[in-house]
Each structure stands twice: as C-alpha cells, then as structure tokens.
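This report describes selected features of one protein model, taking a helix pair, a sheet, a helix and a loop residue in turn.

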Amino acid sequence: MKDGYQALNATENQLDLRIHGMTCAACQSHVERALTSVPGVSSASVNLMAHTARISAAHSVTEQQLIEAVHNSGYTASAAHSATPDSAFHTGPSRLGLRALLALVAGTFAMGLSMASSAASTRWFLCALSLAVMVFAAPEIYTAAWRAARHRSTNMNTLVALGTTAAFLASFAATIAPLALASRGISSGVYYEAVILILAFLLSGRWLEARARARATSALHGFAQLESSDARLLSPQASDFLIAPETLLPLDAIEPGDIVRILPGDRIPLDGVVILGRSSVDESMLTGEPLPVTRSLNDHVSGGTVNIDGVLILRATAVGSSSTLAQMQRLLEQAQSSRAPMQHLADRASAIFVPTVLALALITFILWCIYDTPARALSVAIAVLIIACPCAMGLAIPAAITVSIGAAAQNGLLIKGGESLERLATIDTLALDKTGTLTEGRPRIAKFIPSPNAQLDTTTLLAYAVAAERLSTHPLAQAVVEFAENHLKLPTPPPIENFLIVPGTGLTANVTGHTLAIGNASLLNSNVPAALEAPANFAHATPLYLLYDGQPQAVFFAVDELRPTAAAAVAELQKLHVHPIMLTGDIGASAAPIAREAHIDDVRAQLLPADKLALIHELQSQGKKVGMAGDGINDAAALAQADAGLALAAGSDLAREAGDILLLHNDLRLIPAAIALARRTTHIMRQNLAWALVYNVIGLPIAAGVLYPRFHLLLNPILASAAMALSSVSVLLNSLRLRRFPPV
C-alpha cells in the first residue's frame with residue numbers, strides 16, 4: 001500500500017519555520033541536517049522554493065530549539081506565522097533588481113574604462129569601484145560564505161566568494177606592485193571588471209529567480225488574499241435578522257454558532273450554514289467553477305467566497321484555522337513543501353557537489369600553473385568556481401511541483417504532494433465508483449412496492465424506514481426520507497436502537513423491539529421474492545429492500561442521473577490511454593445503463609468495500625498502475641490502496657483523507673486534466689534535472705580548459721557568471737510553463 005499522507009504519530013508535533021539565507025541545494029541540505037540533528041526531531045523537509053521548513057518532532061521540541069539549530073548552521077529562521085516581515089532577513093525582489101541594475105551599470109563602465117586606459121590611477125579607481133560593488137551591492141554573498149565556513153560547510157556562496165575574492169586580491173596585488181610581479185614572470189593584469197560583472201550577473205539571476213519564485217508560489221498568496229479580517233455579528237435574540245443592528249468585529253472574535261450577516265459584495269469571512277436569505281455566491285477561487293451558484297436555506301457556504309446579489313444570514317460552523325479555506329491553504333503549503341521521489345536523486349548529487357567543485361578548481365589551478373602562467377591558471381580556476389551552480393539542480397524538482405500544485409489548486413484540484421503527483425502520472429487504469437462519482441449522487445425513489453405479505457401497513461413501513469434512514473448520510477437514505485415525507489403524512493417516527501451501518505450493504509436497527517434492515521440484495525438470504533422483482537421499466541433502477549424481523553416487506557427503486565461531464569471525462573481518459581472501469585455495489589442490470597451512457601465497457605457490479613479493495617489488489621498484481629475515483633466511506637479502503645486516489649471533496653471525510661487528489665467541484669473532466677498535468681509535470685521535472693546535469697557536465701570541463709589544447713578556447717569568468725545565472729532562471733522559466741492548466 002502506498003504511504004500517502006498518513007496522520008502524524010500521536011506522540012509527534014508538526015512545526016513550520018521560515019528559513020532565510022538559503023541560495024542553493026547545498027544550503028537546503030545543511031538546514032535539513034541541522035534540524036534533524038535536534039534530539040526529538042524525526043524528520044525535516046526544507047523547501048528551497050518557498051524558503052520554509054516542516055519539522056515532525058516530539059512535543060518536547062520547541063520552536064526556539066529549532067530556530068537556534070538553524071542559526072548554528074549558519075542561516076536564520078523565524079516562526080512560520082511570525083509578525084516579523086521577510087525584509088528583516090533578506091532583500092525583496094525590487095531592491096535586489098535595483099542592486100543588480102547598479103552593478104551592471106558599474107560593470108559596463110568598468111569594462112569600458114579598463115579597455116580605454118591602463119594607467120595606475122585607472123586601476124585604483126576600478127579597485128575602489130569593485131570593492132564598493134562587493135561591499136554594498138552583494139554583501140550577503142560574502143557573509144553567507146563566511147557563516148558556512150565557520151560551520152565547516154560550503155554552499156553556492158562559497159564558490160562565488162572564493163572566485164571573486166581571488167580575482168580581487170590578485171588584481172589588488174597587481175595594482176600595488178606591478179613591477180615586482182613582472183620581475184617574477186607573473187602577469188600584472190587586473191580583473192576588476194570581471195569581479196563586478198560576475199556579481200552583476202549573479203544578482204541579475206537572483207532577481208529573475210525571485211520574480212519567478214513569486215509567480216510560482218502565487219497560489220499560496222492567492223489563498224491568503226481570500227481571508228477576511230472582520231464579520232458582521234448579530235444578536236441571536238434578534239426578531240428579524242435582516243434589519244437587526246450589527247456589530248463589526250475582528251474575525252478572531254467570532255465563534256462557531258454565532259449569527260453573522262453577509263451583504264451583497266461581501267467576501268464571506270467564515271464557513272457557515274444559511275439560516276435566512278438567498279443569493280448567488282461566487283465560489284470560483286475555491287472550486288475553479290466560473291459560474292456563481294445559488295445558496296439558500298440550509299445550504300453550506302465557505303469562507304473566501306463572494307456573496308453577489310442577496311443578503312445571507314449565516315450560523316458560523318468553522319472559523320479561522322478550522323475553516324475550509326484555512327484547511328485548503330495548509331494542505332497546499334504541505335503539498336508544495338513535499339518531496340517527490342525524483343528529488344532524492346538531486347539531493348544526493350547536491351550533497352557532494354560543492355566540495356567536488358572546490359577540489360576540481362584547486363586541481364585545475366595547479367595544472368594550469370604547471371603548463372601555463374599563474375595568471376591564466378587563476379582565470380581558469382575562477383571560471384570553474386563561478387560556472388558550477390547547484391542552484392539549478394536544487395530547484396529542478398521543487399520548482400515544477402510548486403507551480404503544478406499551485407495551478408491545480410487554482411483550477412479546482414488539491415494534490416497532496418510531489419509523491420502523489422508522480423504516482424498519478426503513471427496510472428494506466430482508473431476505477432470509478434458509480435453512485436456519487438459517475439452519477440450525481442442525488443438519487444430519487446421512482447417507485448415503492450410493498451409486499452402483498454407485508455406484516456405492516458404502508459404508512460408504518462415508511463415511518464420505520466424514515467426513522468432509520470434519517471440517521472444515515474448515504475444519498476440513498478436521503479432519497480428514501482424525501483420520498484416518504486413527500487408522499488404521505490407520516491406519524492411520529494418511533495425511537496431507533498442499535499443502529500448500525502453495514503458498508504456496501506445498508507443498515508440495521510431495532511424498532512419497537514423488532515429488527516429492521518434496509519439495503520441491497522445482500523440482505524436477502526435467498527432469491528428476491530417475485531412480488532418484489534423490478535418491473536420491466538425499472539430494470540435499470542437500484543433496489544433497496546426493507547426487511548422486518550428478517551422478512552422482506554417492501555422495495556424502493558432508486559434512480560440516479562449520470563453527471564453531465566462523465567462521458568466527456570471518460571473520452572479524455574481513453575485519449576490518455578487510461579482504461580476506465582466502473583465499480584458499483586448495485587446489480588449489473590442497474591449499472592449497465594449508466595455504463596453505456598458513460599461509454600464504459602468494463603463494469604464490475606455487486607461489489608462490497610472489501611471486493612473493491614481486492615479488485616485494486618488484483619489489478620496491481622497484474623502490473624497495472626491503478627487509480628481510484630470515489631466519494632463514499634465504502635470507497636476509502638480502495639482509495640488508500642490505489643496507486644493514486646482521487647476523492648470528491650463533497651464526499652465523506654474518510655474518502656477525502658484516503659485520497660491523494662481532491663476534486664473541489666464535481667466536474668469529472670478534472671480527473672483526466674489532473675492526469676495530464678501530472679504527466680506534464682514529471683516530464684518538466686526530468687527536463688529540469690537533465691538541464692541541470694548536462695549544464696554542469698558540459699560547463700565544468702569547458703571552464704577547466706579541455707578545449708584549449710585543440711581549439712584554444714577558454715571560458716571567460718564573466719561568461720561563466722552569465723551562464724550560471726541562466727541555468728537557474730531557465731529551470732524556473734521551464735517550470736512556469738505548468739501554469740497553463742490542461743483545458744477542462
């Protein structure tokens with residue numbers, strides 16, 4: 001069985017931190033090691049894209065301990081919901097862009113000046129200019145490298161700091177004593193313009209990267225903007241809620257059960273149930289559904305949606321962190337922080353990358369000193385240090401996951417992480433539950449037939465059925481209640497005892513000392529009595545048998561409509577070469593018309609929950625990658641067992657927990673769209689990894705001078721810096737292509 005998103009162990013707590021100062025995959029690895037070294041921490045996942053960390057630890061571990069561990073590793077951290085702005089720790093994209101622009105202007109000017117004049121005064125001016133750029137435009141590079149060195153670690157900043165510092169010191173020596181160097185056969189050339197341009201290209205790359213990251217994580221910011229800060233509280237004793245005086249209070253002062261008024265144009269601040277009024281509500285930001293939906297008495301509404309044209313009076317059901325919006329935001333944060341299996345390859349490579357590059361640069365310098373001048377050796381070694389960029393490798397997987405999951409969330413899909421995404425991309429078979437998934441899930445009773453040998457009259461039978469079915473949330477139970485209440489004036493329902501749901505079958509209960517059972521044919525020990533067989537025009541309907549003391553008394557025939565998007569969804573699945581299978585607890589005759597209408601040829605009928613689970617096992621044992629789409633309690637085990645479980649958010653809590661992907665609204669075309677997105681995402685991840693690896697495999701040898709003996713080509717440190725910046729930006733831009741969600 002897949003691991004999925006399992007609940008945390010009861011002895012563990014989950015903590016979130018914001019991490020500041022990370023620039024590459026090596027930084028990410030150092031922070032993770034620092035966090036996992038804290039006693040009591042079982043796991044830590046650091047997100048280089050979002051600059052966050054999620055830690056699973058014993059309840060005895062405090063946030064302060066974790067923050068100190070991060071600080072001791074050479075980085076800084078703060079609580080995830082700290083009021084301290086990020087600007088207290090690092091510069092925002094706008095200021096970073098300004099510094100990059102100034103450095104580029106300074107570098108261009110320095111290059112022109114160095115080409116025009118080699119006078120001593122020019123050298124001293126360039127020395128001052130390059131020092132100013134190092135100190136004022138890019139100080140964090142050197143401070144981060146120093147912190148890493150103090151903690152006996154290395155990162156991307158180490159490579160840049162060593163390269164530019166070596167170039168600056170060599171140039172400074174040539175400026176102070178050019179004749180002394182020349183007398184020893186050492187070139188007195190200077191690299192001030194190279195130092196400036198290297199830093200300018202690096203800052204430009206980081207600015208572009210910061211902008212791309214902001215676009216990639218825009219889904220999280222979008223959810224945050226949906227939150228309202230206050231609500232219009234009404235007194236529960238008011239005689240008329242529409243005109244009663246209101247008190248505008250902060251949202252954290254509202255509690256479940258409070259009465260609030262929502263005016264036209266208001267963003268609904270909390271989850272609630274409508275107790276008065278009728279209005280159109282725009283739920284597009286939560287569900288992806290563009291058309292407003294009508295909400296009236298007893299309907300549920302979610303925080304973050306917009307009331308359009310009517311006044312609604314709500315009774316609050318969930319506020320703050322327990323609301324649907326907050327839960328979705330937490331789920332999205334967790335998903336974007338999760339690690340895909342493909343990420344482990346990048347992690348292993350990044351862990352040894354920087355030390356390997358440092359060793360390669362040293363070997364390159366020694367060899368070039370032997371076979372050429374120290375000046376040439378220094379230039380080549382600097383190029384090796386500068387071009388080696390683990391940033392692209394560190395961003396290759398999380399960038400694609402972050403963009404993909406964000407795009408999915410904005411279009412009505414919640415994907416629970418990178419592992420779920422990778423597994424979804426591989427499925428070739430999809431099992432779809434019939435009732436509530438392929439069908440509307442709102443069946444109606446089309447015919448009721450009492451047995452000629454019934455022990456009770458029709459009114460009493462219906463009263464008993466209503467008394468029991470009211471305790472069930474199953475759509476068929478609600479259909480029975482609605483039918484009975486609409487067709488007869490029923491007596492007061494009798495008390496129910498020993499009520500028990502039998503998943504996949506029905507329910508049992510005790511009524512006035514007798515046993516009552518309502519469910520499918522599994523309740524019958526023998527063949528269906530002839531008097532309760534379906535008439536010809538109801539052969540496709542779902543029968544529900546009512547038994548009293550074990551004897552069949554009546555049958556309800558329920559019909560359900562296929563969802564309007566089901567046939568189109570199945571057609572799209574087939575285009576993706578995914579084989580659809582319908583699973584149902586109904587008899588084959590009831591399932592066949594729905595299957596024909598949906599264009600599904602493979603139907604498995606009369607399945608109990610254990611049978612659905614066994615079928616998923618069987619398909620997997622045949623080597624198939626199986627997805628499962630469902631909505632009910634009886635689908636939960638199969639959803640958990642499947643390689644990828646897709647649950648309707650309107651379904652049961654257990655199904656939502658077991659699923660890897662939640663459909664926030666009931667458009668089944670989201671299922672093939674999710675599969676297509678997952679496949680595109682894994683393709684982009686492979687492209688990103690390939691680019692990062694090929695870039696370094698090709699770039700490092702060229703920088704080291706392997707082309708020089710035959711072609712007399714060497715890579716200038718300035719060009720190496722530009723290539724390094726391009727590698728990270730290209731990975732991010734490639735990932736941003738995933739913002740184009742597959743059409744639904």
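## Packing of two helices

Helix H6 (residues 156–176) packs against helix H13 (residues 374–387) at an angle of about 160°, and their axes lie 8 Å apart. H6 is therefore roughly antiparallel to H13, a term used for angles over 145 degrees. Axes are lines fitted to C-alpha atoms over the stretch in contact, with angles running from 0 to 180 degrees between N-to-C directions. Helices (H or I, at least four residues) and strands (E, at least two) are DSSP runs numbered from the N terminus.

The residues of H6 that meet H13 include Met 156, Leu 159, Val 160 and Leu 162; on the H13 side they are Leu 378, Ile 382, Leu 385 and Ile 386. Contact here means heavy atoms within 4.5 Å.

| Class | Residues in the contact of H6 with H13 |
|---|---|
| Nonpolar | eleven residues |
| Polar | one residue |
| Charged | no residues |

The model is predicted: local features need pLDDT of at least 70, side-chain atom pairs count only at pLDDT 80 or more, and totals for chains, interfaces and linings use all residues. Residues are numbered from 1 along each chain as its sequence is written, and side-chain values use heavy atoms, leaving out hydrogens and water.

The protein chain contains 26 helices and 26 strands. Six of the strands form an open antiparallel sheet in the order E6-E5-E7-E13-E8-E11; strands pair if DSSP finds at least two bridges between them. Strand E6 (246–250) and strand E11 (300–301) are the edge strands, each pairing on one side only. Within the sheet, strand E5 (residues 230–234) is joined to strand E7 (residues 259–262) by three bridges, and Leu 233 has Val 260 in E7 as its bridge partner.

Of the 744 residues of the protein chain, 52% count as buried, meaning under 20% relative accessible area, with exposed over 50% and partly exposed in between (1.4 Å probe, protein chains only). Helix H15 (residues 418–426) is mostly covered, with seven of its nine residues buried; among them are Leu 421, Glu 422 and Arg 423.

Pro 495 lies in the loop between helix H18 (475–487) and strand E17 (496–502). Pro 495 counts as exposed because its relative accessibility is 63%. Leaving aside residues up to four places away in sequence, Pro 495 touches Asn 510, Val 511 and Thr 512. Pro 495 and Val 511 are 16 residues apart in sequence and 6.6 Å apart in space, C-alpha to C-alpha.

Terms used: Parallel < 35°, antiparallel > 145°, perpendicular 65-115°, else oblique. Nonpolar A, V, L, I, M, F, W, Y, C, P; charged D, E, K, R; others polar.
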